[in-house]
Each structure stands twice: as structure tokens, then as C-alpha cells.
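Dear colleague,

Please find below the structure that I am handing over to you. My findings follow directly after it.

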Amino acid sequence: MTTRKPIIAGNWKMNLNHFEANLLIQKLAASLTPAQLDAVETVVLPPFTDLRTVQTAVDGDKLGIAYGAQDISQHASGAYTGEIAGSMLAKLGCSYVVIGHSERREYHNETDELVNAKIKAAFTAGLTPIFCVGEGLSVREESAHVGHCTSQVDAGLDGLKEDQIKQIVIAYEPVWAIGTGKTATPDDAQEVCGAIRARLVEKYGAEVAEAVRIQYGGSVKAGNIASIMAQPDVDGALVGGAALDAEGFAAIVRFPEHVAR
Ligand SMILES: O=C[C@H](O)COP(=O)(O)O
């Protein structure tokens with residue numbers, strides 16, 4: 001029985017304008033009871049342009065849903081056209097920020113070093129990183145996925161303090177399972193999430209490792225969340241496509257009705 005509070009986060013990616021965002025957040029809140037929101041930390045990760053709208057809805061109606069951004073600049077401020085600083089996200093009430101998502105690593109050439117710098121920038125701004133790791137298909141086919149992911153974890157956490165590591169959320173997302181409908185099996189998810197925790201024990205000790213929440217991401221939906229959350233080292237999910245539908249996402253958040261932890 002774990003004491004880690006489950007965390008289900010919906011990454012809206014580059015979807016929904018601010019009108020649509022308002023509709024989705026209101027519908028989501030209406031689909032969940034205070035007890036359900038109390039049992040599972042529920043987070044939405046809208047595009048930057050929707051954050052103010054989500055903030056207004058969440059604060060105004062005390063919705064009990066946390067929110068955050070999908071990226072952050074490694075810089076604090078200055079002449080960095082198009083970048084968004086952590087302090088700006090914090091001012092909008094963000095609690096979380098996704099860092100190192102495979103789509104950023106692949107389409108924006110984000111390296112482990114940059115990911116590490118962004119994680120540090122997030123902590124400086126008082127934000128909690130949702131730090132993504134995961135292997136592509138070729139790495140999986142070579143059976144090198146565990147080492148690949150634990151090396152990404154090592155690089156991302158380099159130079160962090162123990163209390164920061166305890167706070168961080170790590171998301172294991174096998175790239176071949178993202179948006180493909182191909183979900184890793186619960187055993188696949190446990191294999192890597194368990195290896196990440198074992199690595200944390202090795203480097204930082206059991207107390208730190210036991211505090212870290214590790215999510216699985218990749219084609220999570222209402223129909224597979226229970227078997228994934230039944231795994232001992234999986235503490236939540238980072239959901240993409242299924243987070244765009246209020247009832248579908250709410251059904252994922254309601255997973256404790258189908259699984260004992
Ligand atoms: O950030 C979320 C993940 O990339 C998973 O996306 P997906 O649920 O659409 O596969």
C-alpha cells in the first residue's frame with residue numbers, strides 16, 4: 001500500500017482555443033465529485049494561450065483541479081523571443097510544467113542538458129516539473145529501453161537537491177505508445193517505472209525514492225487505466241488524446257473505483 005497520492009494529468013498539447021478550454025474545464029469539474037478530486041490529484045496542462053482562462057475558471061469556482069504548462073524557458077527573462085519564463089507561469093497560478101516531452105525532444109531537438117536546465121528553472125520559479133522520459137521503437141526493439149530511460153532520469157536530475165527530487169513527478173512515456181493506440185502492457189509500464197524507482201533508491205536512498213511519483217503515459221484511456229494503476233510503481237498517468245474529452249478524462253480520474261492501491 002503506497003502513501004503516494006495518485007496524479008492524473010491531461011496534456012492538451014496544441015489543441016483547444018480559450019473558448020474551448022473554458023468549456024472543457026467546466027465540464028470536467030462538473031463530471032467529478034469533491035471526493036473523487038480529493039482521492040486523485042487532477043491536473044490539466046493547456047496551451048499557454050489558455051492558461052489565463054483556466055486560471056479564471058479554477059480560481060473563480062474553486063474547482064479543485066490543478067493546472068500547468070507544457071513547456072518552460074530555461075532563461076529567467078530577457079531577449080528570448082517566443083519563450084515563456086517560469087515566473088510568468090507561476091504568476092498565472094500554474095503548479096506544474098511538463099519538461100522533456102518526447103515531442104519537444106524530437107521536434108525541437110531538446111537535449112538532456114536542456115531538459116536539466118529547464119527542470120532547474122521550474123524549481124526556481126516554484127513549479128513542479130512533470131519530467132518525461134521514454135524510449136523510441138528502435139531502442140525498445142534492441143531491449144535497451146530500461147537503460148535508456150534510467151540514463152535520461154540521471155541526466156534530468158543532475159545537480160538537484162534531495163527535496164526537489166522528492167517533489168518531482170517523472171512520466172515514463174514509451175514513444176511508440178504515444179497517440180498510436182498501442183498501449184504498453186501493465187507489465188511493460190511496471191518494468192520501467194520500477195527500474196526508475198530502483199535507480200532513485202541507488203542514487204538518493206529509499207526515503208527519497210519512495211516519495212517520487214512516477215506516471216505512465218501513452219494511449220491511456222478509461223478502459224486501460226485500472227490495470228496500469230494496479231502496478232506498484234505506477235502512481236499516475238500523463239494522458240494526451242483522452243484528456244480532450246471531459247467525460248473520458250473524468251472516467252480515468254475515477255480509476256480508484258476499479259482498483260485497490
Ligand atoms: O503527454 C501525453 C502523452 O504524450 C500521451 O499521449 P496519448 O495519450 O495521446 O498517447
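**Findings**

Apart from its neighbours within four places in sequence, Ile130 is in contact with Ala9, Tyr96, Val97, Val98, Ile99, Val169, Ala171 and Leu238; two residues are in contact if their C-beta atoms, placed from the backbone, lie within 7 Å. This is a predicted model, in which local features need pLDDT of at least 70 and side-chain atom pairs count only at pLDDT 80 or more, whereas totals for chains, interfaces and linings use all residues. Residues are numbered from 1 along each chain as its sequence is written.

Ile130 also belongs to the residues with the most contacts inside the largest nonpolar core, together with Val97, Ile99, Ile170 and Tyr172; this core has 71 residues. Helix α10 (residues 186-204) gives the most to this core, namely five residues. A nonpolar core is a set of buried Ala, Val, Leu, Ile, Met, Phe, Trp, Tyr and Cys residues joined through C-beta atoms within 7 Å. A residue is buried if 20 or more other C-beta atoms, placed from the backbone, lie within 10 Å of its own, exposed if 12 or fewer, and partly exposed in between. In soluble globular proteins, nonpolar side chains tend to be buried together.

As to the overall fold, the protein has 13 helices and eight strands, which are DSSP runs numbered from the N terminus (helices H or I, at least four residues; strands E, at least two). Of its 261 residues, 43% count as buried.

Trp12 is in the loop between β1 (7-11) and α1 (18-30). Trp12 is buried, because 22 other C-beta atoms lie within 10 Å. Not counting residues up to four places away in sequence, Trp12 touches Val44, Leu45, Pro46, Pro47, Ala243 and Leu244. Ser219 lies in the loop between β7 (213-217) and α12 (225-229) and is buried, with 20 other C-beta atoms within 10 Å.

With kind regards
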